[in-house]
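This report walks through a structure one region at a time. Please keep the sequence and the three-dimensional view open while reading.

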Amino acid sequence: MRSATSLLNRTLLLHFTGSVFWLSILFLIGNILLQPLALWIASINVRINDGYVPSGNPLDMMAGFQLVFGMVYVMFLAAFLFGYKNKEQSIDFMHALPMKRHYLLSHALLSGFINILIPIITTSIILFFERHFLVFDISFIDIIAWGAYSVFVLVTVFSVSVFCGFLVNNILVHLQLILIVFFLPVIFWTLTVAVADALFEGVGIIPFTGNGESLISGIVDNTFPIFAVQQIYSGFVFWKILMWSLFTVFLFIGSYILYGRNQNEKVHHTFNQSWLRNILVAFLSISGMLLVGLIISVTLPNGLLIFILSFLFGTAFAYIAIEMSFQGTVRLERNIKSLVTTAALLILFWTVFITGWNQYVAYVPEESEIDSVRITNSSSSSYGSNGNINGEMGEDYLYIDDGEIIAEAVQAHEEATAAPALKDISQGYEWVEVSYRMKNGNYINRRFDDHKREPYKEILGKVNSGKYARNNDVLFNVGDPSKLLRVEISAPGGAVTIEEASPFIEEYQRAMLGVDEDIPANILNGGVPLLNGVAEFEQSYYSGQASIYNPVLQKAIKGEEELAGFLGVEGSEEMYTLTLGEVDRQKFFQDYQMLTPKKFINKYELKVLSDNQMAEVVKAVDEGKLDGRGQKVLVYRSVVEDWADAEEITLSMDQEFNILGIE
Amino acid sequence: MNLEVVQLDKSFTGKKVVDSITLSVESGTIHGLLGSNGAGKTTFMKLLSGIYRPDDGGVYFSGVPIYGNTEMKSQVMFISDHPYFLNGKTLLSMAEFYKAMYPRWSSARFNQLAHHFGLDIHQPLSQLSKGMKRQATFVLAYASRPKVLLLDEPFDGLDPIIRRQVKDIMMQDIANHGMMVIISSHNLREMEDICDSISMVHKGKLLFHSNLDEVRGTHFKLQIAFDVLPPESFFKDVDVVHHEIKGRVVTCIVKGDRYDIEQKITKYSPLMYDILPLSLEEIFAYEMGERGYAISDIIIE
């Protein structure tokens with residue numbers, strides 16, 4: 001019953017709540033399956049198999065799935081709660097009732113909150129009792145935090161879903177619009193950057209080895225469904241949660257304003273605001289154009305005509321598909337305004353796209369503003385490490401602050417940008433990546449394809465030097481050893497795993513300060529790295545160079561294997577030694593990376609070692625007689641040379657032979 | 001409770017559907033809203049019920065605007081041409097819903113009416129026939145005891161017996177409680193029987209608004225037999241708005257005072273004449289014909 005002053009009409013609330021009752025039951029069951037039941041099964045498995053109890057919050061195991069499921073539920077919840085406004089008879093009936101629209105909306109919203117809260121609270125209560133029977137340690141606070149965060153996420157999605165509902169008058173379009181609002185920005189921008197990456201030299205969506213944000217991370221990280229799931233695994237960022245909460249409040253207020261202004265008579269129109277519809281059609285068409293164009297132009301890379309046609313076909317395809325979706329029929333009505341809006345935004349898009357990306361790739365930072373530089377290529381042994389992804393490595397990892405290298409990097413960059421900006425995909429898939437750490441703390445990353453590699457060839461040889469071994473050393477640069485799970489070291493002849501990673505790294509880092517080397521690390525130019533270190537953390541791992549001249553590492557390897565066997569010295573069928581003496585070391589190491597084996601061996605008149613001599617070398621290596629800056633070097637054929645077909649590719653010396661400084 | 005509609009405007013996508021309509025209806029009367037298809041009657045009814053917001057002008061019940069006025073809307077009941085009930089509801093659960101919405105709700109009336117019409121209050125309304133749904137709508141409306149009842153094509157689907165009963169109950173509420181009823185219908189014969197006043201709309205405009213007795217007193221059909229057909233000046237003189245000639249018999253429709261008309265006719269020495277009142281259907285056809293909405297013959301292929 002309702003009194004004149006009552007804020008709540010129980011019957012109306014029951015009506016709204018009842019209309020989505022079974023949907024909320026479905027959500028409750030899903031929640032129970034995804035949390036309490038999943039935990040129960042996991043707990044039983046651990047007990048039966050006497051398995052490993054994972055560290056961290058057990059609720060996080062399935063929280064991602066549970067949140068995604070919850071977000072989908074909330075979309076449907078909003079769509080069905082406000083479904084009455086999509087049909088003439090129902091909206092007329094509701095609006096003929098003696099109540100103001102804000103009163104109706106308040107009841108529908110309250111019903112939505114109830115249908116979000118009750119399943120979450122019920123699941124929390126089950127978890128509260130269940131935790132005592134699980135092998136996992138789940139605290140009361142963990143359950144409260146899980147419940148509170150779930151409610152935050154679902155209420156935020158609910159606010160967006162409700163707001164979207166007041167822009168459209170069709171349940172299917174409502175659901176589409178919610179997805180569009182959440183994902184169109186990230187899809188649109190990702191496709192834009194992907195097309196730029198495919199077309200322009202100098203663009204790299206994600207820095208393969210350099211630090212700094214990827215070109216899409218800003219928008220990906222702030223796409224709410226992605227952000228919501230990311231938070232569980234990467235930790236809560238409270239200011240972002242606060243911002244989203246404020247946004248949620250703003251959307252609820254916006255919903256009241258929109259509902260108050262909505263015109264009943266537009267119930268037969270898919271969108272209440274035609275300009276919004278036309279803009280969405282345009283942006284979705286452009287996204288479709290980019291997607292289809294990207295696929296076709298990458299699959300059939302040669303020819304300007306194919307390139308243009310693929311984008312034209314993409315636009316036409318996407319436009320027709322979206323109009324069908326928005327008009328709810330395959331027999332389309334011509335919509336001149338929509339067509340004009342799409343055409344206008346298409347022209348604007350390409351104008352901004354071409355101008356913007358040309359400026360982006362033409363930019364070379366001022367040398368004076370650069371703090372340090374990282375130059376790497378597709379042959380780098382650090383490939384895939386994605387730089388310092390989660391900030392677990394020291395700031396200097398992979399970056400060189402040598403003024404000479406910075407100046408050369410800038411010069412090489414200027415030479416690279418002087419060439420045409422449009423990419424020729426037929427050149428292959430090798431690349432050079434330059435990453436500047438600026439003095440203001442920002443990073444600037446550029447990636448060039450193989451044909452732009454020439455200006456960088458010399459500088460790549462320089463940074464490959466042992467002089468920068470500490471910068472490239474993945475173990476030396478571990479920021480907080482206590483967070484390490486394990487360390488793995490692999491070499492041509494073996495692999496060693498160090499489980500007690502933290503004390504090992506601390507010792508390794510101390511010892512590294514006393515190591516002096518200038519032997520090329522073979523981390524670039526496709527050379528076979530002598531050693532590959534992997535530092536594994538809970539959420540990430542880093543792969544890169546480690547120094548065999550570090551006595552702590554030698555000791556760790558000797559504990560497991562013979563050093564010569566590990567390094568592939570023992571078993572190598574071809575070895576040379578050379579006392580450098582008067583030889584220009586820098587030139588020698590440069591030749592090692594540039595010349596073919598035949599030219600290199602002839603130039604330095606290397607004599608192949610006899611079996612006895614090789615045995616002596618193996619013994620010396622086993623005894624740890626290594627010196628990173630010694631006068632004598634051992635050059636030996638790698639035991640893992642099969643990675644390249646020698647008949648097709650002319651290999652350089654460093655690609656077939658390893659080099660080791662010996663005493 | 002009186003209704004005042006003042007310069008009411010409503011447009012859909014730039015097209016005026018209700019164009020500067022001004023009219024008034026008194027409580028305790030039945031007002032018939034007539035008009036061609038697409039004239040804007042339903043839009044007008046939705047404006048009267050506060051569902052649509054006027055673009056301009058206003059709808060006032062006892063001087064109070066209806067749009068957004070909860071108190072006023074609780075006294076105005078709109079029954080649309082398609083009965084609508086909340087999803088999955090029975091008549092009883094709909095009654096509970098109405099009870100919570102309309103403060104003047106009478107459960108005694110509801111029970112009495114539901115029983116009278118033989119409706120199963122526990123049966124889901126979606127399972128009822130069109131006529132039964134219509135009856136259920138009237139039961140809910142009458143039990144809400146509105147002061148104003150707005151009916152859009154209300155008797156469609158009702159058999160003559162139920163139709164009569166529904167009208168009888170309506171008449172009781174009008175007589176006993178001063179309820180105002182505004183009915184939009186194309187059944188002019190029925191409207192003629194029950195309406196106190198009518199208004200006619202075409203293309204959003206109000207053609208006229210009048211008491212039904214006044215209309216009957218000003219619109220006549222003349223049938224005149226002449227020995228020799230009168231000159232053209234006859235039609236101007238008598239103020240004929242429409243005429244047909246068959247042999248020496250002239251049938252005309254005239255607007256004006258009956259006595260004056262008779263005076264003018266006799267000057268032309270007719271052999272005989274008869275002045276007949278117009279039916280509402282004839283008035284409708286004549287008024288619409290004046291606006292180019294006349295019945296035209298077509299011989300199809």
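Predicted model: local features only at pLDDT ≥ 70, side-chain atom pairs only at ≥ 80, totals over all residues.

## A definition to begin with

A residue is called buried when its relative accessible area is under 20%, exposed when that value is over 50%, and partly exposed in between.

## A salt bridge between two strands of chain A

The side chains of A:Glu536 and A:Arg486 meet in a salt bridge, with a distance of 3.1 Å from N to O. This pair links distant parts of the chain, since A:Glu536 belongs to strand β6 of chain A and A:Arg486 to strand β4 of chain A, 50 residues apart.

A hairpin of four residues joins β6(A) to β7(A).

## Around A:Asn471 and A:Leu398

A:Asn471 is found in helix α16 of chain A (residues 469-472), and its relative accessible area of 17% means that it is buried. When its neighbours within four places in sequence are left aside, A:Asn471 is in contact with A:Asp396, A:Tyr397, A:Leu398, A:Tyr399, A:Ile400 and A:Asn477. A polar atom of the A:Asn471 side chain lies 2.6 Å from the backbone oxygen of A:Tyr399.

One of these contacts, A:Leu398, has a backbone feature that deserves attention. Most residues other than glycine have a negative phi, whereas A:Leu398 has a positive value near 75°. A:Leu398 lies in the loop between β1 (370-377) and α14 (403-418) of chain A, and because its relative accessibility is 1%, it counts as buried.

## Where chain A meets chain B

How many residues does each chain bring to the contact? There are 26 residues from chain A and 26 residues from chain B. Between them the two chains bury about 2,300 Å², of which 61% is on carbon and sulfur atoms. A:Phe93, A:Pro98 and A:Glu265 supply 27% of the area that chain A buries against chain B, which is more than any other three residues.

Three salt bridges are found across this interface, and the side chains of B:Lys46 and A:Asp92 meet in a salt bridge of 2.5 Å, N to O. Seven residue pairs are in polar contact between the chains. On the side of chain A that touches chain B, α1 (10-19), α4 (88-96) and α10 (238-261) each supply at least two residues, and α4(A) gives the most, with eight residues. Sorted by class, this side of chain A has eight nonpolar, 11 polar and seven charged residues.

## Salt bridges and a loop within chain B

B:Lys10 forms a salt bridge with B:Asp55, with the closest N and O atoms 3.5 Å apart. B:Lys10 lies in strand β1 of chain B (residues 3-12) and B:Asp55 in the loop between α1 (41-48) and β4 of chain B, so the pair ties together parts that are 45 residues apart in sequence.

In another salt bridge, the closest N and O atoms of B:Arg248 and B:Asp227 are 3.2 Å apart. Here B:Arg248 counts as partly exposed at 47% relative accessibility, and B:Asp227 counts as partly exposed at 48%. Chain B also holds a network of salt bridges that links B:Asp9, B:Lys16, B:Asp19 and B:Lys205.

Finally, B:Ser62, which is not a glycine, has a positive phi of about 50°. B:Ser62 lies in the loop between β4 (56-61) and β5 (64-65) of chain B, and its relative accessibility of 47% means that it counts as partly exposed.

Definitions and conventions
Residues numbered from 1 in each chain as written. Chains lettered and ligands numbered in written order. Heavy atoms only, no water. Buried < 20%, exposed > 50% of the residue type's maximum accessible area, 1.4 Å probe, protein only. Contact = heavy atoms within 4.5 Å. Buried area = accessible area lost by both parts, 1.4 Å probe. Salt bridge = Lys/Arg side-chain N within 4 Å of Asp/Glu carboxyl O. Polar contact = N/O pair within 3.5 Å; in protein donor to acceptor, adjacent residues only side chain to side chain. Nonpolar A, V, L, I, M, F, W, Y, C, P; charged D, E, K, R; others polar. Pairing = 2+ DSSP bridges.
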